[in-house]
Amino acid sequence: MLRITQLSHSFMNGSEQTPVLQGIDFHVAQGEMVALLGSSGSGKSTLLNLMAGLMKPTEGEIIIAGQPIQRMSENALALFRRKSIGFIFQSYELISHLTVCENIELPLVFQGISPKERRKRAQALLAKVGIPEKADLFPSQLSGGQQQRVSIARSLVTEPALIFADEPTGNLDTKTEKEIIDLLIDLNESMRTTFIIVTHEHEVAMRTKRIIHLRDGRLVDDTLTGGRAEGDAS
Ligand code: ADP
Ligand code: MG
């Protein structure tokens, strides 16, 4: 599904090159749920942006669903990203003047899907993320956890093979954090969507079945955990 080979990236800092990622190698299979764990500044967001094709790496290769993404044209890459990759952000990134349902439908508008079909899919996903009654409200009328549920539904609406979540519970309290991670685990199990979850929180990472640990731009550990059982009180 996702293969990263000898990936390195540097930012120019004035006239100096600052290495941010060095020699990263890993492979993620279809249907896996992986945490990308590291402290602030370890390079997690940079790695995510590279994997999403939002920047080109200084060195190395990123292959998603058999496609070496840095060799695609800008247009082909934009299309591929829209079709095959979903995003979940720490700050939800919902559009405030659109209703919950309209926010979820938005990625389908760009695909030319009919309004009726869009609404049907959005409502089905809204039920799946547990807030079917919120369809016609605006984001500001929802709690943070509910807004993140909407953003999760939106990330799924194009049925992407792969979803990147950058600190998805970073703005949430501990109880809501647990609920959101529970939801992501359920979706991963029921829909077989591949999830890459970036976090600096060990407790969040321990909920997934695999942790890739970044430190100072290097992959220092890649371990299988107990997954759900670790964090499951039941
Ligand atoms: P994380 O998401 O793990 O907190 P980042 O990937 O955001 O880490 O950043 C890793 C390092 O790269 C940091 O030292 C940061 O200052 C630097 N960095 C990130 N983006 C840029 C940029 N656009 N230009 C220069 N340096 C950057
Ligand atoms: Mg970050």
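## Salt bridges in the model

A search of the whole structure finds eleven salt bridges, a salt bridge being a side-chain nitrogen of Lys or Arg within 4 Å of a carboxyl oxygen of Asp or Glu. The structure is a predicted model, in which local features need pLDDT of at least 70, side-chain atom pairs count only at pLDDT 80 or more, and totals for chains, interfaces and linings use all residues. Residues are numbered from 1 along each chain as its sequence is written, chains are lettered from A and ligands numbered from 1 in the order in which they are written, and side-chain values use heavy atoms, with hydrogens and water left out.

One of the salt bridges joins Glu32 and Arg210, whose closest N and O atoms are 3.0 Å apart. Glu32 sits in the loop between β2 (16-28) and β3 (33-37), while Arg210 belongs to strand β9 (residues 210-215), so the pair ties together parts that are 178 residues apart in sequence. Helices (H or I, at least four residues) and strands (E, at least two) are DSSP runs, numbered from the N terminus. Arg210 has a relative accessible area of 8% and is therefore buried; buried means under 20% relative accessible area, exposed over 50%, and partly exposed in between (1.4 Å probe, protein chains only). Asp222 is linked with Glu32 and Arg210 in a network of salt bridges.

## Salt bridges within helices

In another salt bridge, Glu117 pairs with Arg121, and the closest N and O atoms are 3.0 Å apart. These two residues are separated by about one helical turn because they are four residues apart in helix α4 (residues 115-128). Glu117 is partly exposed, with a relative accessible area of 26%, and Arg121 is partly exposed, with a value of 26%.

Helix α6 (residues 174-191) holds both Lys175 and Glu179, four residues apart, about one turn of the helix. They form a salt bridge whose closest N and O atoms are 3.2 Å apart. Lys175 counts as exposed because its relative accessibility is 59%, whereas Glu179, at 31%, is partly exposed. An α-helix has 3.6 residues a turn, so residues three or four places apart point the same way.

## Aromatic pairs

The whole structure contains two aromatic pairs. Rings of Phe, Tyr and Trp (its six-membered ring) pair if their centres lie within 6.5 Å; planes under 30 degrees apart count as stacked, over 60 as edge-to-face and the rest as tilted. The rings of Phe87 and Phe89 are stacked, because their centres are 6.0 Å apart and their planes are at 10°. For Phe87 and Phe164 the centres are 6.2 Å apart and the planes at 40°, so this pair is tilted.

Phe87 lies in strand β6 (residues 85-89) and Phe164 in strand β7 (residues 162-166), so the pair ties together parts that are 77 residues apart in sequence. Phe87, Phe89 and Phe164 form one aromatic cluster.

## Around ligand 1

The shell around ligand 1 consists of Phe11, Val20, Ser39, Ser40, Gly41, Ser42, Gly43, Lys44, Ser45 and Thr46; a residue is near a molecule if one of its heavy atoms lies within 4 Å of it. By class, two of these residues are nonpolar, seven are polar and one is charged. Ala, Val, Leu, Ile, Met, Phe, Trp, Tyr, Cys and Pro count as nonpolar, Asp, Glu, Lys and Arg as charged, and the others, Gly among them, as polar.

A backbone N or O atom of Gly41 lies 2.7 Å from an oxygen atom of ligand 1. A polar side-chain atom of Lys44 is 2.8 Å from an oxygen atom of the ligand, and for a polar backbone atom of Ser42 the distance to a ligand oxygen is 3.3 Å. The protein covers 53% of the 560 Å² of accessible area that ligand 1 has on its own, where areas come from the Shrake-Rupley method with a 1.4 Å probe.

## Helix α1

Helix α1 (residues 44-51) provides three residues, the largest share of the shell around ligand 1. Six of the eight residues of α1 are buried, namely Lys44, Thr46, Leu47, Leu48, Leu50 and Met51. Just after α1, Gly53 takes a positive phi of about 75°.

Terms used. A polar contact is a pair of N or O atoms within 3.5 Å; within protein, one must be able to donate a hydrogen and the other to accept it, and residues adjacent in sequence count only if both atoms are side-chain atoms.
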